[in-house]
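I opened the notebook to record what I looked up in this structure. The entries are in the order in which I made them.

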Amino acid sequence: FRNHCPLATAAAKIEWQKKKYFMLVLNTCFLVTAFNNMLFVLFLMQETYENIPGQSKITFLLQAIRNTAAAEEARQMAAVLLRRLLSSAFEEVYPALSPDDQTSIKTGLLLIIQLETQSSMRKKICDIVAELARNLIDEDGNNQWPEVLKFLFDSVSSQNVGLREAALHIFWNFPGIFGNQQQHYLEVIKRMLVQCMQDQEHPSIKTLSARAAAAFVLANEHNLPLLKHFADLLPGILQAVNDSCYQNDDSVLKSLVEIADSVPKYLRPHLEPTLQLSLKLCADASLSNMQRQLALEVIVTLSETAAAMLRRHTNVVAQAIPQMLAMMVDLEEDEDWANADELEDDDFDSNAVAGESALDRMACGLGGKLVLPMIKEHIMQMLQNPDWKYRHAGLMALSAIGEGCHQQMEGILNEIVNFVLLFLQDPHPRVRYAACNAIGQMATDFAPGFQKKFHEKVIAALLQTMEDQGNQRVQAHAAAALINFTEDCPKSLLIPYLDNLVKHLHSTMVIKLQELIQKGTKLVLEQVVTSIASVADTAEEKFVPYYDLFMPSLKHIVENAVQKELRLLRGKTIECISLIGLAVGKEKFMQDASDVMQLLLKTQTDFSDLEDDDPQISYMISAWARMCKILGKEFQQYLPVVMGPLMKTASIKPEVALLDTQDMENMSDDDGWEFVNLGDQQSFGIKTAGLEEKATACQMLVCYAKELKEGFVEYTEQVVKLMVPLLKFYFHDDILLMQSVSMPLLLECARVRGPEYLTQMWHFMCDALIKAIGTEPDSDVLSEIMHSFAKCIEVMGDGCLNNEHFEELGGILKGKLEEHFKNQELRQVKRQDEDYDEQVEESLQDEVITDCAKGATPRWLTCCLFLTQCPHRPWPDRQWGLCIFDDIVEHCSPSSFKYAEYFLRPMLQSVCDNSPEVRQAAAYGVGVMAQFGGDSYRPFCTEALPLLVRVIQSPDAKTKENVNATENCISAVGKIMKFKPDCVNVEEVLPHWLSWLPLHEDKEEAVHTFNYLCDLIESNNPVILGPNNSNLPRIFGIIADGEIHEAIKHEDPCTKRLANVVRQVQTSGGLWTECISQLNADQQAAIQELLNSA
């Protein structure tokens, strides 16, 4: 520099020294790389590299890439860094370069590709070119790098195979490279791809062109004319799939899976050969497990994304099912399996797990009507096979198809359950394990009907299997199945088995505690502890007699199970203690409350020593919340201890990243990352570790606010500041739900500090809630946010919303309605599709219901709702509209009458609608009209009565699909008699009304009805009681049936009123005997249960 530039300024010398320093840093990095890649990564973590200006990074990285004398690993790392730089910081770095530098970079990159001799290095440079080209397409689609297109055309026609590979690799990486000129070049693109796919001499060209064609199709998934025009490329892609698989390359097969997922209609013209190829590859044992699973994935994905299209190819489905079952048989013998004490996570790469998952998904996708007849015989044959692996697979298959074949299996469930129970006695432990799995899964899939039909057989069989002392994996899984069964078991069904359950669970716990001390084994004990918790949770106060049997041992475990390998056991035991405490109530639990709190406090104090993934943390957080429910206001003293770790967990920020395909593949082996494909070789990644704990922590904050109310006021401000931003937390639905639920509860807590503080808090929440209503895409979450918003308005009262809020909400409502009606039009288009069938119609009806849920609005917004009452609209529309007006009548009466012209006539007409859902909404509306509507509604109540009676007295009124509508009609009749008695002849109607009772499906209306019955009895109404109290036995039967069906919760005041009615009769001697004698055994037990509980 000095020799050639003697007149250089001091500033220029400083700049040169700076560059030398940067080069030194970079060369040091690359030198380290040559010896040890890990050291290089650690070096990069230092700030040195990050402090280099972006423009200088580009220059030096390009120089390093050009330096063919450097180690290839160093050059490849430089290429990766440059690609990432252009991907993450293009706008900050590239435009700041001079035009000459920009041109030099573009020219230099294309030249390096032409000169590069190493294939892997050339690909990485092509990735840089593709990334730069992606960023040089402007908003109008203009390609600001036309030279790259010329390079593509020249290279793809070159005799140099390396250059042809480079052109295809760039196009595969960025298929949108032609920008707004794509249509102009469409024939050229097609010709280029066809020509390359026909290259028989160079397999790499054939493979790359197939991948590029697939990427182009995926990038244009919404361009139907283009997809149709490129349909004749599919046979070439399929041929490349076949050829590449036998060259140990599954990249084209992965592309085919992506097409099946995103653009299944593209496969329609050649669907049969696509499916046959997939079947062939799946069945070929010479291929790797991953390749076979990917081939199956094509079919399974189509069952989810194009079910109607696949249902037309029943021959393929019939061949695919045995392939899945064959995979499920691919199990290894393992002598140590039966008594392994550590459960390994499922090996998702194994054929057995992949086959089971595929079967589950296909059953859900195609439906049981198609799948069950095809698989039933296969499963029966497998269950009779002398090889245990087939019996195991058959039982696991039954577990897998339960959700998808739910409706069809219900009719033969008795036969299935009886058969499965036999295998709990199978000579092979893994078959017994699979039988436990099937029972547990059916207990979940078919609850609560499963429990109601099979409680006697299943409980006895599972308890017997838990005695299998020589096979602790079987014992543990029997306990797990029992947990599934009891979680969804109605309390009244479980009570008769409590003595036997407790006896077995206690004896097993004692034995396993001894084994823990003697051998250190804990697997069965972990499950038994959870089983005890589940039984207590269901039995509630009925568990009190067994409390002292378990609590000392459970406390002993928490005190002594302090070793690292016992963390899960300790966490589950903490959960069990808190659930038992909640079940038996404060009075019984108080004898141990102090000891338990000290144990929890000690664990909480040691929180700083717990590792982030310690399972005790989530169990502790949940246990504190249960203790709060048990102790009530007394829990407030512990808040300073529990809130710190709780807020820390609730504040966890997930790690997220925007990655290209290569980065994603590099990270795919890193546990805890999930990815969403964004197209253009880009994926969004999120590390899910900690999200469940965050959701649990948010749930606990909600619990504290709910239980402690003003006692939580010290923490409301920091919790609100945490919660409100989480209304935009789209990574976890449960977290979003908890945020919305918390808002009205926190306002309730803050009331104690006065209106000014409350108003400030509301202003902090309000705009965020309204924005969330406008942007939330998930209908279930949206419904909860809206419900929370309505609750907040109820807390704040009149004047909490200004005109701007109303305008914004009105705009959101208008948008939701327009979206709903647009979706209706799209559904009509789907009905014209050539693959339309009966099951497509079912899914479209489900869409309608979901779509209406998205349109659910705050109660006081009525704009445009009259549109939903047009008779030609689908039933969910009409139901939705009626529900809105039901709410308006209920909450805005009597001023609601001003809207009567919109809804009264349609409401009355809808009482006898063909749709039971519409009838139910209309009948409920008549009920609230009578209860809240004021005098203006009197004549309409009179007009509604015969319509309600017609529905109630129809022959099919009590069928499963009609019963809810019928019960709402019965309740509406009762409300008219109670609140508008001058509108009807009450004495004439009452005997009929009594004959229609009880209600037990619609719990809310059951409470209204039983309360009215109590009113009538307590007032000694002669029509209800009958001459000489002759109707009392009938009334006892109504009360008993209501108790059996759990129509009213025991904590509801109505339960006490009903119990008092029974007690009054109990004192009358002969009348009591007469009433009880006319009840069956279940009814008599129910009456006794009522008296005990109230």
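This is a predicted model: local features need pLDDT of at least 70, side-chain atom pairs count only at pLDDT 80 or more; totals for chains, interfaces and linings use all residues.

**Entry 1: a pair of charges**

I started with E1005, which forms a salt bridge with K975; the closest N and O atoms are 3.0 Å apart. E1005 sits in helix α49 (residues 1003–1018) and K975 in helix α47, so I noted a link between distant parts of the chain, 30 residues apart.

Are the two partners buried or exposed? E1005 has a relative accessible area of 2%, so I wrote it down as buried. K975 has a relative accessible area of 4% and is buried as well. The cut-off I used for buried is under 20%.

Side chains of opposite charge can pair when their charged atoms come close.

**Entry 2: two further salt bridges**

Next I looked up D982. Its salt bridge is with R938, and the closest N and O atoms are 2.5 Å apart. D982 lies in the loop between α47 (963–979) and α48 (986–995), while R938 belongs to helix α46 (residues 938–952), so the pair ties together parts that are 44 residues apart in sequence. With 58% relative accessibility, D982 counts as exposed. R938 counts as partly exposed at 25%.

Then I turned to K633, which forms a salt bridge with E710; here the closest N and O atoms are 3.6 Å apart. K633 is in the loop between α33 (616–631) and α34 (639–650), and E710 is in the loop between α36 (691–708) and α37 (713–723), so this pair ties together parts that are 77 residues apart in sequence. I have K633 as partly exposed, at 46% relative accessibility. E710 is also partly exposed, at 42%.

**Entry 3: the count and a network**

How many salt bridges are there? I noted a count of 33. I also found a network of salt bridges that links K978, D1015, E1018 and R1057.

**Entry 4: a patch of charge**

I then looked for charge on the surface. D330, E332, E333, D334, E335, D336 and D387 gather there in a patch of negative charge. I looked up one of them, D330, and found it in the loop between α18 (314–328) and α19 (351–366). D330 counts as partly exposed, at 41% relative accessibility.

I looked up H392 and placed it in helix α21 (residues 388–401). Its relative accessible area is 9%, so I have H392 as buried. Which residues does H392 contact, leaving aside its neighbours within four places in sequence? I listed L331, R430, V431 and A434.

Q182 lies in the loop between α9 (161–173) and α10 (186–197). At 13% relative accessibility, Q182 counts as buried. Beyond its neighbours within four places in sequence, Q182 is in contact with P175, I189, F216, N220 and L226.

F151 is in helix α8 (residues 146–156). I have F151 as buried too, with a relative accessible area of 6%. Not counting residues up to four places away in sequence, F151 touches L110, I113, Q114, L163 and I170. I also noted the C-alpha distance between F151 and A167, which is 7.7 Å; these residues are 16 apart in sequence.

**Entry 5: a helix end**

My next residue was T775, in helix α39 (residues 755–775). T775 is partly exposed, at 41% relative accessibility. How far apart are the C-alpha atoms of T775 and I812? I wrote down 9.1 Å, for residues 37 apart along the chain.

**Entry 6: the whole chain**

Last, I looked up values for the chain as a whole. The protein chain has 54 helices and three strands. It holds 1094 residues, and 55% of them count as buried. Among contacts with a separation of 6 or more, 72% are between residues 24 or more positions apart. The chain exposes about 49600 Å², and carbon and sulfur atoms supply 51% of that area.

Key
Residues are numbered from 1 along each chain as its sequence is written. Side-chain values use heavy atoms; hydrogens and water are left out. Helices (H or I, at least four residues) and strands (E, at least two) are DSSP runs, numbered from the N terminus. Buried means under 20% relative accessible area, exposed over 50%, partly exposed in between (1.4 Å probe, protein chains only). Contact means heavy atoms within 4.5 Å. A salt bridge is a side-chain nitrogen of Lys or Arg within 4 Å of a carboxyl oxygen of Asp or Glu. Patches are made of residues with over 30% relative accessible area and no salt bridge: like charges are joined within 9 Å, nonpolar side chains (Val, Leu, Ile, Met, Phe, Trp, Tyr) within 5 Å. Accessible areas come from the Shrake-Rupley method with a 1.4 Å probe; for residues, only the protein chains shown count as cover. Lys and Arg count as positive and Asp and Glu as negative; His and the chain ends are not counted. The place of a charge is taken as NZ of Lys, CZ of Arg, CG of Asp or CD of Glu.
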